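The sequence and the model come first, and the text follows.

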Amino acid sequence: MPVEITWWGHATCTVEDSNVRVLTDPLFVRRLAHLRRRRGALPPPAAWRADVALVSHLHADHLHVPSLARLAPGTRLLVPRGAPRAVPGLRRLTHLQVSEVEPGDETSVGGLRIRAVPARHDGRRLPVGPCRSPALGYVVEGEARTYFAGDTGLFEEMAKEVGPVDVALLPVGGWGPYLGEGHLDAGRAAEALARLAPASAVPVHYGTYWPIGMDAVRPHEFHAPGEEFVRLAAHRAPGVTVHRLAHGESVRPEVAR
C-alpha cells in the first residue's frame, strides 16, 4: 500500500507505511494549560492506534503524558535521550516499550527503519536549567522516506542531516501570536522545502491551538500559515506538491523513487 499521511492537528500525524502505523507527537486533548483547541475535532480513538509513536522533544504540547497513556499496551515509544529523567511521568507508562534515542540512532519496527535526526529547537521540558535532552526530527523509511521535523528552526546542515526524502511534514506556525527562536514560519518552511527537495510536503503545527483570551491578538498567525506556506512553496520549491490537509484528512502523497 502507498504511504498514507493523516493530520490530526498540531504536530500529531499518523504515517502508514509498509503495514506499520507511526504516530507523531500525540496530543489528544481539548485544553492544555493556557491553550485551547480552536479548530478541528479531537482525534478519535482510532487515532490512538499505532505500532510506534515518535516524540520530537520534551515541551508539553509534544510530549504529553496523558495522551501517551492512551496508547495500547506494547506500543513502541521513541523519545529523546534523557526524557524519562526530565519527565518522571514517562516512567509510569509501563505498558509502553520506551526507547531513548539521539541523532543518528536507528530503530527497526516491522518493515520500517526509523532514524533520529537533529532539530534546532530548545529540547528542555521547561525554559530553565541545563539542556540534557535533544530536540529531534525523524526519518521514517519504508515504501517512502518520510521526514517528520518536529519543531525546528532552519539550519545550514538540514538537507545533509536529513538526507533524501520523499515526503516532508514541516511545521509552518505555532500556538501563539509570536514564534520564538527555533521555529519555522511559512517562509522559513518554504526555504527548508527548497533545500530538502522532497516530492511532496504536508504543513503541520498551525491552526489548532491558541492561548485562551488572545483570539484578537495577531489572529492571522493562527489562520494564515497553511495557505501562506502553499503560496510561498509554489515560488521557492515549485517541483514539490504541497498537500494542505484539514484536521483528520488523509492523503497518499506522490513518492518519486
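A salt bridge is taken here as a side-chain nitrogen of Lys or Arg within 4 Å of a carboxyl oxygen of Asp or Glu. By this rule the count comes to 14 salt bridges. The structure is a predicted model, in which local features need pLDDT of at least 70 and side-chain atom pairs count only at pLDDT 80 or more, while totals for chains, interfaces and linings use all residues. Residues are numbered from 1 along each chain as its sequence is written, and side-chain values use heavy atoms, with hydrogens and water left out.

## Salt bridges

| Salt bridge | N to O distance |
|---|---|
| Arg36 and Asp215 | 3.5 Å |
| Glu102 and Arg81 | 3.4 Å |
| Glu191 and Arg195 | 3.2 Å |

Helices (H or I, at least four residues) and strands (E, at least two) are DSSP runs, numbered from the N terminus. For accessibility, buried means under 20% relative accessible area, exposed means over 50%, and partly exposed lies in between (1.4 Å probe, protein chains only).

In the salt bridge between Arg36 and Asp215, Arg36 belongs to strand 5 (residues 35-37) and Asp215 to the loop between strand 15 and helix 5 (220-223), so the pair ties together parts that are 179 residues apart in sequence. Arg36 is partly exposed at 33% relative accessible area, and Asp215 is partly exposed at 34%.

Glu102 pairs with Arg81 in another salt bridge. Glu102 is in the loop between strand 8 (97-101) and strand 9, and Arg81 is in the loop between strand 7 (76-80) and helix 2 (83-86), so this pair ties together parts that are 21 residues apart in sequence. Glu102 has a relative accessibility of 34% and counts as partly exposed; Arg81, at 35%, also counts as partly exposed.

Glu191 and Arg195 lie within helix 4 (residues 186-196), four residues apart, about one turn of the helix. Glu191 is partly exposed at 27% relative accessibility, and Arg195 is partly exposed at 31%. Elsewhere, salt bridges that share partners join Arg36, Arg38 and Asp215 into one network.

## Aromatic rings

Rings of Phe, Tyr and Trp (its six-membered ring) pair if their centres lie within 6.5 Å; planes under 30 degrees apart count as stacked, over 60 as edge-to-face and the rest as tilted. The count by this rule is three aromatic pairs. One of them joins Trp7 and Tyr206, whose ring centres are 5.3 Å apart and whose planes are at 10°, so the pair is stacked. Trp7 lies in strand 1 (residues 4-9) and Tyr206 in the loop between strand 14 (200-204) and strand 15 (209-211), so the pair ties together parts that are 199 residues apart in sequence. Both Trp7 and Tyr206 are buried.

A charge sits over a ring if NZ of Lys or CZ of Arg is within 6 Å of the ring centre and within 35 degrees of the ring normal. The charged end of Arg38 sits over the ring of Phe222, 4.8 Å from its centre. Arg120 has its charged end over the ring of Phe155, 4.3 Å from the ring centre.

## Strand 10 and its partners

Six of the seven residues of strand 10 (residues 112-118) are buried, so this strand is largely enclosed by the rest of the structure. Two strands pair if DSSP finds at least two bridges between them. Strand 10 pairs with strand 9 (residues 106-109) in the antiparallel sense over four bridges, with Ser108 opposite Arg113. These two strands form a hairpin with two residues between them, and Gly110 in the turn has a positive phi of about 60°. Strand 10 also runs antiparallel to strand 11 (residues 136-141), joined by six bridges; here Pro118 stands opposite Leu136.

## Thr24

Thr24 is in strand 3 (residues 20-24) and is buried, with a relative accessible area of 1%. A polar contact is a pair of N or O atoms within 3.5 Å; within protein, one must be able to donate a hydrogen and the other to accept it, and residues adjacent in sequence count only if both atoms are side-chain atoms. A polar atom of the Thr24 side chain lies 2.8 Å from the backbone oxygen of Ala11, and the side chain of Thr24 reaches the backbone nitrogen of Cys13 at 2.9 Å.

## Positive phi outside glycine

Asn19 is not a glycine but has a positive phi of about 65°. Asn19 is in the loop between strand 2 (12-17) and strand 3 and is exposed at 76% relative accessible area. Ala197, also not a glycine, has a positive phi of about 55°. Ala197 is in the loop between helix 4 and strand 14 and counts as exposed at 54% relative accessibility.
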